[in-house]
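This report describes a structural model in terms of its core, its charged network, one of its helices and its backbone. The sequence and the structure are shown first.

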Amino acid sequence: MQAWAGHRPGHYDLVHSHYWLSGHVGWLAAERWGVPLVHAMHTMAKVKNAALAEGDTPEPAARVIGETQIVSAADRLIANTAEEADELARFYEADPGKIAVVHPGVNLDRFRPADGRAAARARLGLPQDAFIPVFAGRIQPLKAPDILLSAAARLLEQDPPCAPA
């Protein structure tokens with residue numbers, strides 16, 4: 001950031017930040033350069049704290065305050081889902097007119113195993129017909145990996161052909 005801080009206003013068109021810590025730096029940069037701040041919240045402390053699983057530690061007050069400041073300062077807020085957009089408005093009093101829903105995704109024509117699924121399974125030593133559930137995320141109660149495991153177990157009970165031989 002320090003290397004780019006010397007640019008004069010007008011050098012950049014906007015600042016995009018992601019997550020609350022970069023949001024504070026983005027907020028300062030946007031003000032410095034006189035450009036809009038576009039912020040993607042990623043996860044929200046107030047939402048996490050409202051759905052806190054037993055034994056989880058609440059997000060700190062500093063994060064809640066920081067996120068509230070960023071939501072207020074941002075010219076545009078990016079939400080991954082309509083539910084997240086609603087949470088921004090409900091928990092942080094974000095102006096719904098400042099929120100845009102941009103669904104995350106991937107271009108499967110461009111990003112896939114170069115040699116296909118069969119070769120990837122062979123490389124990993126997995127049977128070609130194996131049922132392979134996948135969880136991509138931080139292992140914590142809020143992400144609910146237990147739901148994937150329960151669903152996979154139920155599916156294997158109800159449809160034994162899914163089970164590996």
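## Basis of the description

V15 is found in strand 1, which spans residues 15–18; helices (H or I, at least four residues) and strands (E, at least two) are DSSP runs, numbered from the N terminus. The model is a predicted one, in which local features need pLDDT of at least 70 and side-chain atom pairs count only at pLDDT 80 or more, whereas totals for chains, interfaces and linings use all residues. Residues are numbered from 1 along each chain as its sequence is written, and side-chain values use heavy atoms, with hydrogens and water left out.

Leaving aside neighbours within four places in sequence, V15 is in contact (heavy atoms within 4.5 Å) with G26, A29, A30, W33, V35, P36, L37 and V38. The C-alpha atoms of V15 and L52 are separated by 32 Å, the two residues being 37 residues apart along the chain.

V15 is also one of the residues with the most contacts inside the largest nonpolar core, a group of 20 residues, together with M44, V71, L77, L88, A94 and I99. Such a core is a set of buried Ala, Val, Leu, Ile, Met, Phe, Trp, Tyr and Cys residues joined through side-chain atoms within 4.5 Å. At least two residues of this core come from each of helix 2 (20–33), helix 3 (45–50), helix 4 (61–73), strand 3 (76–79) and helix 5 (82–92). Beyond the residues up to four places away in sequence, M44 touches R63, E67, E84, E87, L88 and Y92.

## The salt-bridge network

The model contains 3 salt bridges, each defined by a side-chain nitrogen of Lys or Arg within 4 Å of a carboxyl oxygen of Asp or Glu. K48, E59, R63 and E67 are linked in a network of such bridges. The side chains of E59 and K48 meet at 3.1 Å, N to O. E59 lies in the loop between helix 3 and helix 4 and K48 in helix 3, so this pair ties together parts that are 11 residues apart in sequence. K48 is buried, with a relative accessible area of 12%.

E59 also forms a salt bridge with R63, where the closest N and O atoms are 2.8 Å apart. R63 in turn pairs with E67, with the closest N and O atoms 2.7 Å apart. R63 and E67 are 4 residues apart in helix 4 and so are separated by about one helical turn. R63 has 2% relative accessibility and counts as buried, while the value for E67 is 0%. Excluding residues up to four places away in sequence, E67 touches W20, M41, T43, M44, A45, K46 and Y92.

The buried residues of helix 5 include E84, A85, E87, L88 and Y92. Viewed down the helix axis, the buried residues of helix 5 fall within an arc of 160 degrees, so they line one face of the helix; the arc is that of the directions from the helix axis to the C-beta atoms. Helix 3, helix 4, strand 3 and strand 4 (99–101) are among the elements that cover these buried residues. On the other side of helix 5, E83 and R90 are exposed.

## Positive phi values

Most residues other than glycine have a negative phi. Y19, a residue other than glycine, has a positive phi near 85 degrees. Y19 lies in the loop between strand 1 and helix 2 and is partly exposed, at a relative accessible area of 28%.

E93, likewise not a glycine, has a positive phi of about 55 degrees. E93 follows helix 5, in the loop between helix 5 and strand 4, and is exposed with a relative accessible area of 74%.

## A nonpolar surface patch

L124, L126, I132 and V134 form a nonpolar patch on the surface, with about 370 Å² of accessible area together. Patches are made of residues with over 30% relative accessible area and no salt bridge, with like charges joined within 9 Å and nonpolar side chains (Val, Leu, Ile, Met, Phe, Trp, Tyr) within 5 Å. Accessible areas come from the Shrake-Rupley method with a 1.4 Å probe, and for residues only the protein chains shown count as cover. V134 lies in the loop between helix 6 (116–124) and helix 7 (145–158) and counts as exposed at 63% relative accessibility.

How values were computed
Buried means under 20% relative accessible area, exposed over 50%, partly exposed in between (1.4 Å probe, protein chains only).
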